[in-house]
Amino acid sequence: MAFDYTDRFIVLFCAGVGLTLAGVVNALAGRLGIVWRAVLTGAGCGVALAGVSAIKSDPALLVAAAAVMAAGVLPALLAGSAPLVELARKAAAVAVRPGVRWVLLAGAGVGLAAGSIAWYDFEDAVRSELDLQDLDLEFGRPPLVESSAAVARTDRGTPVPGKRPIAPRADAETGEVERRFLQKSPFRDQMMRQRKADDGSNCHGWVFTGGRYWLDPEAVELILRENGYVDVTAPRPGDVVIYRSHGSIGHTAVVRYVSDAAPPLVEGKWGAMGVYVHPVDQCVYGTAYTFYRSARPGHLLAGLTDTSPPTP
């Protein structure tokens, strides 16, 4: 969570008050043991946390203030434990040996590298989640109704329900919303716009129904299973790429260009927005994707006639 300057002030000021109270009560506590000192310290910090709640009822601020106080209190409490101090002295005596120092440094390097990967994945997921929220807030999803004229089915004959908007929005409206979204999107310089925004289909329907219908993510799982798709690690033009978030399908696109020197270029429709070509790892739907290939000609569902324009 990103704190504004007011939130940061509340956290730091109340944490400062808590540390002040903890320091004063412990300074006046004389020769009390570590247990009683912990109780007194907790009471002082509790007063500070109560102050945070009184100013602004936000659990995130409580957690942040508690973390700041813990960073100051725990070392001071532990320093009062003779066994821990003795253990720290022995550890320091061992750490002065050259072999130990450099092994610890190597361990710290491994931890830093692994931690950076985990942190990158976390921030990437958060950024994708925020981008998707912006996309949903800006564009939304038009009210849909299942089409009685849909004849789409898998190669095994299972019907695939297609949906159409009850009242498609005008081009001027979808175009303006698309412009506003792309204006602030971090991916705008990585995209080549192929077709304008429209309510005719979502990304799944663009790939598997030629842009006729909206398809639910559950329908995509069915299509992958019954149309002979297998996941591949070396994509080729024409393969399908599926993006997932928290295990659920979020986006479908098609591989258009593959090079050894750069990530594959894929083409797909972003919800009710337009159709874009972009690097596979530069997408509002994140970087958790899998490539799929099928021996069947094209991706259009059975029962539908291909009326799509030529591939760019």
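**Exercise 1. State the accessible surface of the protein and the share of it that belongs to carbon and sulfur atoms.**

Solution. In this predicted model, the accessible surface of the protein comes to about 17,600 Å². Carbon and sulfur atoms account for 64% of that surface. As for the interior, 35% of the 312 residues count as buried.

**Exercise 2. Identify the residues that make the nonpolar surface patch, and locate them in the helices.**

Solution. Step one: the patch, of about 450 Å², is made by Phe9, Phe13, Val17, Leu21 and Val47. Step two: helix α1 (residues 5–27) contributes the largest share, 4 residues. Step three: Val47 is placed in helix α2 (residues 34–55). With a relative accessible area of 49%, Val47 is partly exposed.

**Exercise 3. Classify the aromatic pair Phe9 and Phe13 as stacked or edge-to-face.**

Solution. The structure holds 6 aromatic pairs. For Phe9 and Phe13, the ring centres are 5.6 Å apart and the planes stand at 25°. Planes under 30 degrees apart count as stacked, so this pair is stacked. Both residues lie in helix α1, 4 residues apart, which is about one turn of the helix. Phe9 is exposed, at 54% relative accessible area, whereas Phe13 is partly exposed, at 48%.

**Exercise 4. Classify the aromatic pair Tyr289 and Phe291, and decide whether each residue is buried or partly exposed.**

Solution. The centre-to-centre distance is 5.6 Å and the angle between the planes is 65°. An angle over 60 counts as edge-to-face, and the pair of Tyr289 and Phe291 is edge-to-face. Tyr289 has a relative accessible area of 27% and is partly exposed. Phe291, at 8%, counts as buried. Together with Tyr243, Tyr289 and Phe291 form one aromatic cluster.

Terms used. Residues are numbered from 1 along each chain as its sequence is written. This is a predicted model: local features need pLDDT of at least 70, side-chain atom pairs count only at pLDDT 80 or more; totals for chains, interfaces and linings use all residues. Side-chain values use heavy atoms; hydrogens and water are left out. Patches are made of residues with over 30% relative accessible area and no salt bridge: like charges are joined within 9 Å, nonpolar side chains (Val, Leu, Ile, Met, Phe, Trp, Tyr) within 5 Å. Accessible areas come from the Shrake-Rupley method with a 1.4 Å probe; for residues, only the protein chains shown count as cover. A salt bridge is a side-chain nitrogen of Lys or Arg within 4 Å of a carboxyl oxygen of Asp or Glu. Helices (H or I, at least four residues) and strands (E, at least two) are DSSP runs, numbered from the N terminus. Buried means under 20% relative accessible area, exposed over 50%, partly exposed in between (1.4 Å probe, protein chains only). Rings of Phe, Tyr and Trp (its six-membered ring) pair if their centres lie within 6.5 Å; planes under 30 degrees apart count as stacked, over 60 as edge-to-face and the rest as tilted.
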